[in-house]
Amino acid sequence: MGPALEYTTTDDTGTKATAQKLDTFKGVFMPTALNVLSILMFLRFSFIVGQAGFLGTMSLLIVSYALDLLTVMSISAISSNGTVRGGGAYYMISRTLGPEFGGSIGIVFYIGQVLNAGMNIVGFFEPLVDNFGKSAHAEHGHGWLPDSFWFVFLYGSVMCLICSIVCTGGSKFFSRVSIVIFMLLGISTLSIPFSGIVRSIFGLQAHAWQPSWETIRDNMFAHFTRGAAGSESTQRETWRSIFGLLFPATAGIFAGSADSGQLKAPSKSIPRGTLYGLSLTFCLYTSVIAVLAIGVPRAHLYKDLIILQRINLTKYLVILGALSTATFSTLCGINGAAKMLQAIARDDAFPFLSVFKYGTKATNEPLLAILITWLFTQLVLFADINMIASAVTMTFLLTFAGINLACFLLDVSSAPNFRPSFQYYSWHTALLGFVWSFLTMFYVDGSIASAAFAFLATLFLMVHYFGAPKNYGDVSQALIYHQVRKFLLRLDSKEHVKFWRPQILLLVNDARANLNLIKFCNALKKSGLYILGHVLITDDFTKDLPEMRKQQTAWARLVQLLKVKAFVQIGVSTDEVWGAMNMCLSSGLGGMKPNIVVMSFFNMDTYREDRAASQSIGMKNMPSETGTSATERTRLLRSDSEEIQKERDFLPTDVCRKNPPIGMQTYVNIVEDVIASFNLNIALTRGFSNLVFPEESDKQYIDLWPIQMSPATGADATGEILSTNFDTYTMILQMGQILHTVPKWNKAFQLRVMVFVEYKDDVEEERRRIQLLLDNLRIDAKLVVLTLDNGMFDGYEVCVKDCKEPRRLRPVEEALHSQSWWKD
């Protein structure tokens, strides 16, 4: 029976003991060195040196390694800042930039690893075909290996299958295979400079081995041609094409972190092993390039791809090295891609990948992920090695950019917990690595780079809309906090009139009774500050602390349920007046302070009903005696099902303890303190329980009834007439215009300004004056001027003109019969 599959819910790898995990040498250094030492060194370095020359090739190599070094510094900083679990680059990016960036870049890098594995399989058989293929040696009759396209594809399929089976053996078996390959590849690579030295010292002749100053001078600078051996383009080679071919030979720096879940100490092993591996491979690459530039004439570099075999003491060492590096890179690509796919699937970044999160029970090896990776690698075998190399370059550069961006944002966000033990980095190096990677992508191939970013954006949106919500504590919150704090300090507390907007503090006692008002103020705020303020009345703060915390949670859930953009502030006080005062004092932060306090208008009838109900039921028991038990309401509060909430018409604040109704004197004291003590605007609202919102309304207008301007009290320096309540008048017009800019309200209604004068003779003058004001304020509104003496207003006729007609007197009597002043 095969190994059982199970899903481990933790991020751990499932290994049983630390002793089974890998150290720096086996877990990071060897994979990095072996993966960076690419098959391209044996197959295409002669072509690259022939086109770019010694100085050009070394320049491109230094550029590639400089980008590698910058990225390794970022990897080292992130990995040495805490626990790094399975997934390598994906884990680092997703836990830093969030699941959207992590999932999208992770999939791109997965594709890059699959392409890299396929490229090495294709490259594995190129030296075999060149040396033993029937077609290559048809004229001599020495070839014995069938080398038609489908035969080569068959060889590649067999090798792909064998490598995939090896990957199922686990990281420990993989590391044992790596040791053997590392030894073979090291001997093979060192044999190249060793052969050159031996041939030069002892004068051993070889085909195309002609070391001289003339050869060095001829190979020093770039000389691009077309149609050279190894070229797949009909055009002359360029720096872009050569760099796109060379860069994948240096980009295997993630091999050590790909299996980070199997390391004993990832935060220590990844920086050390990766840097040591890069140093070794750079020295080996430099020695091979130097041998080619010193001893091989340029003509041979143009036409002979197996020139390294010809100048070596024995060609079989070069063949062995090519096969070794191709084998390991294939193993590393399939294994690393499968591990990353498993990590992505475990995080539910893409729901359709969830099947790949399962691993073996003993060692958590991702068998299903290896299977699908094997299938994708099979498809890559149809492509050409140069074409694959260009695609690998794009995917690796995109991953480099993601890692550097993650490190940069972590550093500039000043997150207190970002304290990596690796100190040889800064935000400058991370930013340089990000920009360098980004620009290099478009330098190599702008069209493929654009397609890569479009694909990345598509993946980003898929994770955002379809992925399971995750709270990784990513850097976005730290960045938002950092920027908000910085700009709040710069925000002037004295807002200029040109940029005035309502910043609302809505004082609410009962959320259910004020639902429409809460939604209306959300539309009225116009991207300004909106605070929902509620005061808990208590004589014993310690005793009612749990109630306060429950109310904070309930009001926060109410904001989410209603989808209003408001902050919640819960106050605690012994009485309503002090509670409201403290709310006005403490609301807001820095220059973002409320400038308008909104309260419901005092309703005497509602006050009497609430008071009678509170006395008969008892306020402390009201939540559990309204037809639903406290246990049931708590269950509903915690339920995430919107259907249940809609069915029961339940609000999260329904479970909260209600304050006793406030009296008229308390209400007036609050209004007085807001105006006189805090010098804030106050808006008293009435009738909002009957408000019909735009999507359901058949009305045409938003009516503005500004307070009538007082008679002129003076003039300013320009001679303009001033009024004592001009600010109040214009503020009503301004708030109406702000409400009208909200798309739903703008689409459904027009603005209409309603003003009145006492006598008909004043109508035209008032119309001219208000229209001029509207024009100056740039408010597009219909203007209606009403008169009081037109006989339409019974109250005016009775109260002012002392009319005694029964038809006019009757409605006034019905409205004012309960008022003592009217009886007198």
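Reader: Which residue of strand 11 is the bridge partner of Leu 704?

Author: This is a predicted model, in which local features need pLDDT of at least 70, side-chain atom pairs count only at pLDDT 80 or more, and totals for chains, interfaces and linings use all residues. Residues are numbered from 1 along each chain as its sequence is written, and side-chain values use heavy atoms, with hydrogens and water left out. Strand 8 (701-704) is an edge strand, and four bridges join strand 8 to strand 11 (residues 750-757) in parallel; strands (E, at least two residues) and helices (H or I, at least four) are DSSP runs numbered from the N terminus, and two strands pair if DSSP finds at least two bridges between them. In strand 11, the partner of Leu 704 is Val 753.

Reader: What is the order of the strands in the open sheet?

Author: The edge strands, strand 8 and strand 12 (782-787), each pair on one side only. The pairing is parallel, and the three strands have the order 8-11-12.

Reader: How far apart are the end C-alpha atoms of helix 15?

Author: Helix 15 (residues 367-380) has 14 residues. The expected span is 1.5 Å times one less than the number of residues. That rule gives 20 Å, so the model agrees with it: the ends are 20 Å apart.

Reader: Which residues of helix 15 are buried?

Author: Buried means under 20% relative accessible area (1.4 Å probe, protein chains only). The cover over these residues includes helix 5 (99-132), helix 6 (149-167), helix 14 (315-346) and helix 16 (385-412). The buried residues are Ala 369, Ile 370, Ile 372, Thr 373, Thr 377, Gln 378 and Val 380.

Key. Buried < 20%, exposed > 50% of the residue type's maximum accessible area, 1.4 Å probe, protein only. Contact = heavy atoms within 4.5 Å.
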